[in-house]
Amino acid sequence: MGEEEGLHQTPFLDTMFVRGLKRKCFDGEEDIEGTLAGIKAIPSYNLQRQSLLDMSLVKLQLCHMLVEPNLCRSVLIANTVRQIQEEMTQDGTWQMINTQSTGQASLDRLVSTDILCRSSRDHQAEGKHGPAYGTFNKDFESDQAQDNSETMSTASAVQTPRNLQSNVWEMESPQENKGNFQKSLDQIFETLENKSPNTVEDLFSEVDNSYYDLDTMLTGMMSNTKMGHCDSLETFSSPTNTASNSNCKSDLNDLDHIVEILVES
Amino acid sequence: MEGERICEVDSGDGLGADIISTVEFNHTGELLATGDKGGRVVIFQREPESKNEPYNQGEYNVYSTFQSHEPEFDYLKSLEIEEKINKIKWLPQQNAAHSLLSTNDKTIKLWKITERDKRPEGYNLKDEEGKLKDLSTVTSLQVPVLKPMDLMVEVTPRRIFANGHTYHVNSISVNSDCETYMSADDLRINLWHLAITDRSFNIVDIKPANMEDLTEVITASEFHPHHCNLFVYSSSKGSLRLCDMRASALCDKHSKLYEEPEDPSNRSFFSEIISSVSDVKFSHSGRYMLTRDYLTVKVWDLNMETKPVETYQVHDYLRSKLCSLYENDCIFDKFECAWNGSDSVIMTGAYNNFFRMFDRNTKRDVTLEASRESSKPRAILKPRRVCVGGKRRKDDISVDSLDFTKKILHTAWHPTENIIAIAATNNLYIFQDKVNSEMH
C-alpha cells in the first residue's frame with residue numbers, strides 16, 4: 001500500500017482485507033476456521049468484528065457530546081452494532097471487553113471466565129472457535145460481581161432471541177454498570193427525541209438516576225432538570241405564532257430574558 | 001469543459017463559517033444561489049451576453065448577499081440549533097420579483113428579492129435629503145419624476161415557517177402547483193402552503209411508537225416535477241417510496257417501493273450504511289429518478305420498482321477502504337447528484353475535489369477536479385484518473401493519496417445549458433462547456 005495518509009488508522013483491518021484473506025469484509029458466513037490458520041499473522045475475524053463493535057459503541061457515545069446528534073448517523077451505527085451482536089449471538093460468542101483501562105482488547109480477559117450460558121439458549125458448536133478468543137457465554141448477573149467499571153460493551157443476558165434489541169440493551173442492574181460507555185439504545189434515542197411542551201412533567205419523571213454519573217449524556221438531561229419551573233417553561237416553549245416578518249433574533253432576545261429569570265429563581 | 005473559478009469565499013480565521021452547504025440554480029439559470037454554514041445566502045447573477053465581448057458572455061457575478069438564518073438555542077433540549085443553510089429552493093418566478101425558500105435544521109424562510117433601479121425625485125414637501133421644506137419657499141408645484149439610480153437589490157423575509165419539525169430538516173421541495181411545498185426531516189414530512197405559516201400538514205410519519213425500534217430514517221424527498229400529487233422520499237436503508245397524496249391524508253403507505261435486492265457477494269457489516277440514499281432527484285422529464293448512495297449513482301424508472309435501470313460506479317476503489325472510512329466518519333458523507341437539462345448526463349461529487357459525470361447515452365464517464373491549480377480562468381479542465389494499483393499513468397492519483405477532507409458534496413447543473421456549479425468546501429466553481437453550450 002502507498003502512503004499512509006488519512007485512511008490508515010485501522011491498518012490491520014484494511015491490510016487483512018486487501019490481502020484477500022477475506023475479500024468481503026466481515027462476511028459472517030465465511031468459514032471461520034479458515035482464519036484461525038493464520039491467527040498469529042492476521043487478526044482473526046472475531047477480533048476484527050469485536051474491534052468494529054467497539055468502534056461503533058465509541059461513535060454512539062461521542063455523538064452525544066455533539067451539539068445535536070445526527071440521527072441518521074446514529075441509526076446507521078446502531079444498526080451496525082445490532083448486526084454484529086446478532087451475529088455474535090448466533091455464533092455463541094459474547095465478550096466483555098476491558099478496553100477502556102487497558103487501551104487494547106485484552107485477550108487474557110476474554111478467556112478468564114468459564115460461565116455457562118443460559119439454559120434456554122441453544123448454542124452453536126462451541127468448539128468451532130479458537131480457544132484464544134473465548135467461546136463462552138457470559139451470564140450477565142455473574143458479570144456484575146466483577147469489576148466492570150470500565151467496560152464498553154453492553155452485553156446482556158443471552159436469552160431467547162425473541163427481541164434481541166431489548167435483551168441486548170437492557171441494563172438489569174444499572175448501579176453495577178457505571179462507566180462512561182454504557183447506555184441502552186432506547187435511552188440514546190430518547191434523548192434525541194424532543195419532548196413536547198405539554199409533557200414537561202414526563203420529561204423530568206423519565207430522568208434515570210443511574211445516569212447522573214455519566215458526564216456524556218447529561219448535557220441534555222441534567223440541564224433540563226435544573227430548569228424547574230414548569231409554568232415558565234410552558235410559557236416560552238409553546239409553539240409561537242410567529243408574525244410573518246418576525247426576526248429569529250428578536251425571539252432569541254426574548255428567550256434570553258426568560259432564562260435570566262429562571263436562573264435567578 | 002472550460003472552467004472559470006468564480007468566487008472564493010475564503011474564511012481566513014479558519015472558523016469555517018463560509019463552507020458552502022447548498023447550491024441551486026433558479027428555473028431560468030439566470031440566478032445561482034448558495035447557502036453556507038454561517039447562515040448566509042449569496043446570489044449570483046449571470047451577465048447578459050453581449051455581442052461586443054463574446055468571451056465575456058455568461059459570467060456570474062455577485063447579485064445579493066444576505067443573512068438568512070441566525071444561530072438559535074433550543075432551551076428544552078439545551079442544544080444549539082445551527083444556522084447552516086441545508087437547502088435552498090427557488091420558487092417559479094411569477095412577477096418581477098424572485099423568491100426562494102431557505103432552510104436550516106428547523107426553520108424554513110421565504111425570501112423575496114426585488115430590484116430597485118429608479119427613485120422618485122422632485123417632491124414638493126420634502127427636499128432632496130428628506131427634510132421638510134419651508135412652505136413659504138414653495139412657489140410652484142411639480143410632479144415627482146422617476147430617475148435612474150444605481151441598482152439596489154433588496155431582500156426581505158416574507159414568511160417564516162417555524163416549529164414544524166422536531167428533527168433536522170434535510171430537504172425542501174416546491175410543488176408544481178406553485179402553491180405548496182414540502183419539508184422533510186429525519187422522521188416526518190410536512191406539507192405547507194406558501195402563504196400560511198402557522199400550520200402545516202403532516203403527510204409522512206415514520207417515527208415508531210417506541211423509539212427503541214427506530215431503524216430507518218428519511219434522507220431526502222422531492223415532489224414530482226409535473227404531477228403535483230406525487231412525491232418520492234428516500235431512506236437510510238436504500239429504498240425509495242413514491243407516494244400519492246390523493247390516496248390518503250397520511251401517506252405512510254407508499255404507492256410504489258423501489259428497492260434493489262442486496263448483492264450477497266458484496267455483503268459486509270457496512271452494506272447497509274453504503275446503501276443509504278443521500279440524495280434523490282427526479283429527471284426533468286419526470287420519467288426517472290436519480291439516487292446517490294455512498295459508492296454509486298443509480299437511475300430508476302418510475303415504472304420499475306425491482307431494480308434501477310442504470311447503475312454507475314462513482315468510486316468503487318473505496319470499497320476496500322470502508323472500515324477506515326467508517327472510522328473517520330467519511331462513510332456518512334452525503335453526496336448530492338444532478339441531471340443535466342436534457343437528462344442525458346448525470347453528475348455527482350467525490351473526494352479530493354473530484355466530481356464525476358456519466359453520459360447515459362454513450363456510457364462514457366469522466367472525472368474532473370475543481371481546484372485552484374487546475375482552473376485558472378478559461379482553463380480547460382483535464383480529466384483525472386484514480387489508479388488502484390497495476391498500471392499507473394502519469395498524473396494518475398493513487399487511492400491512498402486522495403484527500404478525504406476535500407469533498408464535493410454539493411453540485412448543480414444549469415436547467416438548460418452546459419453550465420455547472422461546484423461547491424468545494426468554501427470555494428464555488430462555475431464551469432461552462434463552450435463548445436456545446438446548447439443542449440442537444
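Is B:L125 buried or exposed? Select it: B:L125 is exposed, with a relative accessible area of 54%. (Buried means under 20% relative accessible area, exposed over 50%, partly exposed in between, with a 1.4 Å probe and protein chains only.)

This is a predicted model, where local features need pLDDT of at least 70, side-chain atom pairs count only at pLDDT 80 or more, and totals for chains, interfaces and linings use all residues. Residues are numbered from 1 along each chain as its sequence is written, chains are lettered from A and ligands numbered from 1 in the order in which they are written, and side-chain values use heavy atoms, without hydrogens and water.

**Stop one.** B:L125 sits in the loop between strand 10 (108-121) and strand 11 (145-161) of chain B. (Helices, H or I of at least four residues, and strands, E of at least two, are DSSP runs numbered from the N terminus.)

**Stop two.** Go to B:D329, in the loop between helix 2 (322-327) and strand 24 (337-339) of chain B. B:D329 is not a glycine, yet its phi is positive, about 75°. Most residues other than glycine have a negative phi. B:D329 is partly exposed, at 24% relative accessible area.

**Stop three.** Select B:N352, between strand 25 (345-349) and strand 26 (354-359) of chain B. B:N352 also has a positive phi, about 60°. With 9% relative accessibility, B:N352 counts as buried.

**Last stop.** Chain B averages 90, and 92% of the residues score at least 70. Over residues 4-16 of chain B, the pLDDT is below 50. Where pLDDT is low, the predicted coordinates should not be read in detail.

How values were computed: pLDDT = per-residue confidence, 0-100. Contact = heavy atoms within 4.5 Å.
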